[in-house]
Each structure stands twice: as structure tokens, then as C-alpha cells.
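I opened this notebook page to record what I looked up on nonpolar cores and salt bridges. The entries follow in the order of the look-ups.

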Amino acid sequence: MKTQVTKELIFNYFSGRTTAFQKQLIDEWARDAANREQFFVWLELWESQNPQYVADIQTAMKRHQRRMQQAPDGNAPVAENEPVLPRSLWPRWIAAASVALVLAGGWLFRDPLLNETHTTAFGETRQLTLADGSEVVLNANSTLKVPRFGFGWQTRDVELTGEATFSVTHTTDDQRFVVKTARNFEVVVLGTEFTVYNRERGGKVVLNKGKVRLRYQDGEAPRELMMKPGDLVTLDRQNGPVQLRKVSQPENASAWRENRFVFEETTLGEIVHLFKENYGLELEIADPQLAQWTVSGSYTAQNAEELLESLMEGSELTYQRTGAHIIISNPAN
């Protein structure tokens, strides 16, 4: 009867308790691309269940180099308790070889193996449907990381850099959905619709529907804030003050999904940041007083040029563009 590759067999393999025949079997099994993700699922599970293993990285790398230098016939002895990958996988699986050797010590290619990364370019928006049915719309110049394995049943944690609108599906077991950022704040929800802004200037959360819990860092102290529909919370770029205010139309925060931009007494100085973040363009306003001019209204634009033309139309302002650099001026001055 042919031996099957099971979780137990793979666990023995990671622990260095497999025979030469079993290693060859795993070698052949792992050559199939359809089996590789399962390999890493079991590797992650085995690693989480064996935290007592402490890798001697230098010794492991020396063993790895010796194996790479072995003769093609592979006759050099290998200790049975050494967790190694089959020789024929080395050329294609350099990352996997590092994983098997270093294990709980962490590995170089861990993030791209465990997370699926969705990105948008300048001027691009993208709609995503996650495995749990939740809808996400990524704004321009943004990144969303979603776990490749276990999302929707083990975890619903995602990581955002940039800006996105979330419409979260509620689960029968009330599993939370968490949007993590690298700026000491995260949004925890069960089922709701909200927009998260997480860029260099700071963070912002606008709640359209439902209820969310905002976790953030206030200096050295962790804080929590329950948000209700219509709440807008802004956080500065450091661990500074959090500001909460009500907005009458929270959906305006995600108007960019429909190629609309809604300004409410927004200064030209703020609009400068929008063009840099969404389009990668540098707007220069030489006159400090001009930077304090405010803009109100809703503007529809498919690209940066259309938005700039709409903003200039009907005003006394003009602009001159050279590549990605735009100078805004007031001819009347």
C-alpha cells in the first residue's frame, strides 16, 4: 500500500524523524505546486506547537553549506535528527531551506509566504472581496496584507498602509475583524462599514455603519475608544492626541471610490498632501497666504489632471506643470 503524505508524516519530517524513503516521498510530493501551500500551512502549525526549539543559526547555516557542497550521489551521511529539506528542492526552494533550518528563529521570506499582499499604484483604486465575504476598496498608493492561511476561520486580521474602505461581513460566531496599522492604532469590528486612513501624516478612521472599537497608543499608555456612526477620529503621526468629532455625511470620507473628492473648507495646503499621496505629484505653493485658501464642494475627476483643472476653474489661480512638479500661483498678485 502506497504511503500517503499526511500532517503527521510532515511533522516527523520537520522534527528529523523520517526515513530516506519517506524523505524521497515528500520530495516528490512537494514538487507539485498545488502541495506547496499545504507544506507551509503545516510548517507554520508545527512551528507554533514547538516553541521550545531554539535554532543555532550559525551551526544550521554551516550544515546547510556542507550539504550544498555534497557530491551529486548524495552519499555523505546526514544525521537523522537534523530538520532538512530534500536536496532536489534546494534550487527552487531557497526560502524553504532557510525555513526548515532556522524554524522558530524566524526566516527571511516569512512575510510573502504567509501573507497575500494587494497594492495599488498612484491614481489607482482597487476593489477586493476577501475570503470571508468582506468587501475592501483600496485607495491609490495603498497596501493591504491578508493572511494566506486560516483567514476567515482562524483569524480575520489584516494590515493596512494607505487608505481603504471596509464593508465587513458578520459571522455566525461573532468573529472580530481587525485592521492593523504600523502607527500604534488598530480598528476592531464585528460587522460594519468604515474608512481607515493610515499614511505618513497620521491616521484617521470614519465610521459609516455599525460600531467599532479603536485601540491606540497615548504616549506609553494603551487606550480604547468606542466609535458610533458619524464619528471621525484623527490621530497624529506620533503617539499624540486623538481627536473625535461628528460628521454629518461620513460617506464623503470614501467618495474617492466613485472618483469624487469632497472638500469642506479644505485648505490648499491640505490638498497638496492629497496630490502627493494619491498621485505622486509635488504641488508647490510659493505664497504662504495662498496655501491657506480654502476649497468647498464636490469634484468628480478620473485623474490628477482633471481634479487640478476642476480646482482651478472659476478661481483666479493658475498652475504650471513640469513632470511631477506643479507650481500653483495667483496671477493677480
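For the entries below, I call a residue exposed when its relative accessible area is over 50%, buried when it is under 20%, and partly exposed in between. The model is a predicted one.

Entry on Glu 258. I looked up its accessibility: the relative accessible area is 54%, so Glu 258 counts as exposed. Its side chain forms a salt bridge with that of Arg 260, at 3.3 Å from N to O. Arg 260 has a value of 23% and is therefore partly exposed.

Entry on the other salt bridges. I found twelve salt bridges in the structure. One of them joins the side chains of Lys 180 and Glu 186, at 3.2 Å from N to O. Glu 186 is buried, at 16%, whereas Lys 180 is partly exposed, at 31%.

I then examined the salt bridge between Glu 270 and Arg 201, at 3.0 Å from N to O. This pair connects distant parts of the chain, 69 residues apart: Glu 270 lies in helix H7, and Arg 201 in the loop between strands S8 and S9. Glu 270 is partly exposed, at 39%, and Arg 201 is partly exposed, at 31%.

Entry on the cores. Which residues touch the most other members of the largest nonpolar core? I recorded Phe 166 and Phe 194, in a core of 28 residues. Strand S5 (residues 157–167) contributes the most to this core, with four residues. Apart from it I noted another core of 24 residues, including Ile 285 and Leu 317.

Conventions:
Residues are numbered from 1 along each chain as its sequence is written. This is a predicted model: local features need pLDDT of at least 70, side-chain atom pairs count only at pLDDT 80 or more; totals for chains, interfaces and linings use all residues. Side-chain values use heavy atoms; hydrogens and water are left out. A nonpolar core is a set of buried Ala, Val, Leu, Ile, Met, Phe, Trp, Tyr and Cys residues joined through side-chain atoms within 4.5 Å. Buried means under 20% relative accessible area, exposed over 50%, partly exposed in between (1.4 Å probe, protein chains only). Helices (H or I, at least four residues) and strands (E, at least two) are DSSP runs, numbered from the N terminus. A salt bridge is a side-chain nitrogen of Lys or Arg within 4 Å of a carboxyl oxygen of Asp or Glu.
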